[in-house]
Amino acid sequence: MLAKNSDVMVGVGLRHPHFADILTQSKQVDFVEVHSENFFGQGGAALSMLTQVRDKYPVSLHSTSMGLGSVQNIPMSYLERLKKLTQHIDPFLMSEHACFTWGQQQGQLIHSGDLLPIAHTQHNLTVMCEQIDRVQSFLGRQLIIENVSAYVQFAESYLSEAEFLAQLCRRTGAKILLDINNIAVNSLNFEGGNIQQSVSDYIDELPVDSVAQIHVAGCSAPLPGELVIDDHACPVSDNVWLGYEQALTRFGAIPTLIEWDNELPEWSVLVNEANKARDIAHAVSARKNT
Amino acid sequence: MIELSSSEHADNEQQRLLDVIWHDESPVRDKSGFEAQGIDIYRRNLLANAQRALSISFPTVFQRFSNYLTVM
């Protein structure tokens, strides 16, 4: 059953191997999310398929290369391509990460190829607010900013990531994309691994009206002594589902996305994960109404 | 580029992280401020992305030299 007006919208990350499934099967999810940069090419089969999907489903554009936390300005060539895609697809949500990607090597602007974490300081808050203001003005759209999983920490940080994001939203009008799995990964890697406590602490720092989308995902178990890598290659874990329930209880019926990027399963597996999210949302909603 | 004071330029933690991912051979916490285990993850991802890009853009070149492109 799909979302009614009062229910949570549940979508899945759409990757190329599933284009035929989504275009030929009956509607089983409420929206899809794609990585913007995969559709930056001029024309071509991928954009044509996405245009067909757009006629059937609301689309969320999730960017992964903008680097809003970068001290270096985001190149205009990138923003122009994103604007063109935005105008073509008319997404119902647009999101990016609270990270940096741009820097310099040997005097040249380079892209890091990764979502690199930032130190949570007032200085970096100002840098990122300026970048978001610039991008939102250029695109004429509100951005939703996602918390990231990280594998290193900065000694310079003195704000929590949640407090950083809350201030960011207040100053720019952007909203938060709350990734429950990223909180879980950071909890396991840096905070002792009490995921429920980490999620609880995180969401308590966010204003109730600040979250516009939720991501849930699963990741592979690490080898003994290794860090957990956020590979989006597994079903959503029980701990992340519990964290999702906590988040819905605090923030209400927020559009929710199932992310799965590696070791892609059959389309039906993604649909089943979406149904799990919908069941949890119904249970939370029913509990709130009693 | 957003203007930084000279002290902030000198201690730009973003550049420090990029430098250690791209150049340093064996980061140690007391030198770079970052744990080697985390830096290794970013390095492996950087190399994997580069290999994937090469295999898509220049598949023949990738096939010829893929044995030499081992993940660190």
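Reader: What is the accessible surface of chain B, and which share of it belongs to carbon and sulfur atoms?

Author: This is a predicted model. For chain B the accessible surface is about 4,800 Å², and carbon and sulfur atoms hold 55% of that area. Of the 72 residues in chain B, 26% count as buried, where buried means under 20% relative accessible area.

Reader: How many helices and how many strands does chain B have?

Author: Chain B has five helices and zero strands. Read from the N terminus, the order of its elements is α-α-α-α-α. As to contacts in chain B with a separation of 6 or more, 17% are between residues 24 or more positions apart.

Reader: How many residues of chain A are in contact with chain B, and what area do the two chains bury between them?

Author: The size of an interface is often given as the accessible area lost when the parts come together. Here, chain A and chain B bury about 2,600 Å² between them, and 59% of this lies on carbon and sulfur atoms. Val71(A), Gln105(A) and Val152(A) supply 22% of the area that chain A buries against chain B, more than any other three residues. In terms of contacts, 35 residues of chain A touch 28 residues of chain B.

Reader: Which side chains meet in a salt bridge?

Author: Across this interface the rule finds one salt bridge. The side chains of Arg16(B) and Glu156(A) meet in a salt bridge, with 2.9 Å from N to O.

Reader: Which elements give two or more residues to the side of chain A that touches chain B?

Author: They are strand 5 (100-105), strand 6 (108-116) and helix 4 (122-139) of chain A. Strand 6 of chain A provides the largest share, seven residues. By class, this side of chain A has 16 nonpolar, 15 polar and four charged residues.

Reader: Why is helix 6 of chain A described as largely enclosed?

Author: Nine of the 11 residues of helix 6 (residues 180-190) of chain A are buried, so the helix is largely enclosed by the rest of the structure. Among the buried residues are Ile180(A), Ile183(A) and Val185(A). Their cover includes strand 8 (175-179) and helix 8 (238-251) of chain A.

Reader: What caps the N-terminal end of helix 6 of chain A, and what comes just after that helix?

Author: Asp179(A) caps the N-terminal end, with a side-chain oxygen 2.9 Å from the backbone nitrogen of Asn181(A). Just after helix 6 of chain A, Gly192(A) takes a positive phi of about 95°.

Technical notes. Residues are numbered from 1 along each chain as its sequence is written. Chains are lettered from A and ligands numbered from 1 in the order in which they are written. This is a predicted model: local features need pLDDT of at least 70, side-chain atom pairs count only at pLDDT 80 or more; totals for chains, interfaces and linings use all residues. Side-chain values use heavy atoms; hydrogens and water are left out. Buried means under 20% relative accessible area, exposed over 50%, partly exposed in between (1.4 Å probe, protein chains only). Helices (H or I, at least four residues) and strands (E, at least two) are DSSP runs, numbered from the N terminus. Contact means heavy atoms within 4.5 Å. A polar contact is a pair of N or O atoms within 3.5 Å; within protein, one must be able to donate a hydrogen and the other to accept it, and residues adjacent in sequence count only if both atoms are side-chain atoms. Accessible areas come from the Shrake-Rupley method with a 1.4 Å probe; for residues, only the protein chains shown count as cover. Buried area is the accessible area (1.4 Å probe) that two parts lose on being put together, summed over both. A salt bridge is a side-chain nitrogen of Lys or Arg within 4 Å of a carboxyl oxygen of Asp or Glu. Ala, Val, Leu, Ile, Met, Phe, Trp, Tyr, Cys and Pro count as nonpolar, Asp, Glu, Lys and Arg as charged, and the others, Gly among them, as polar.
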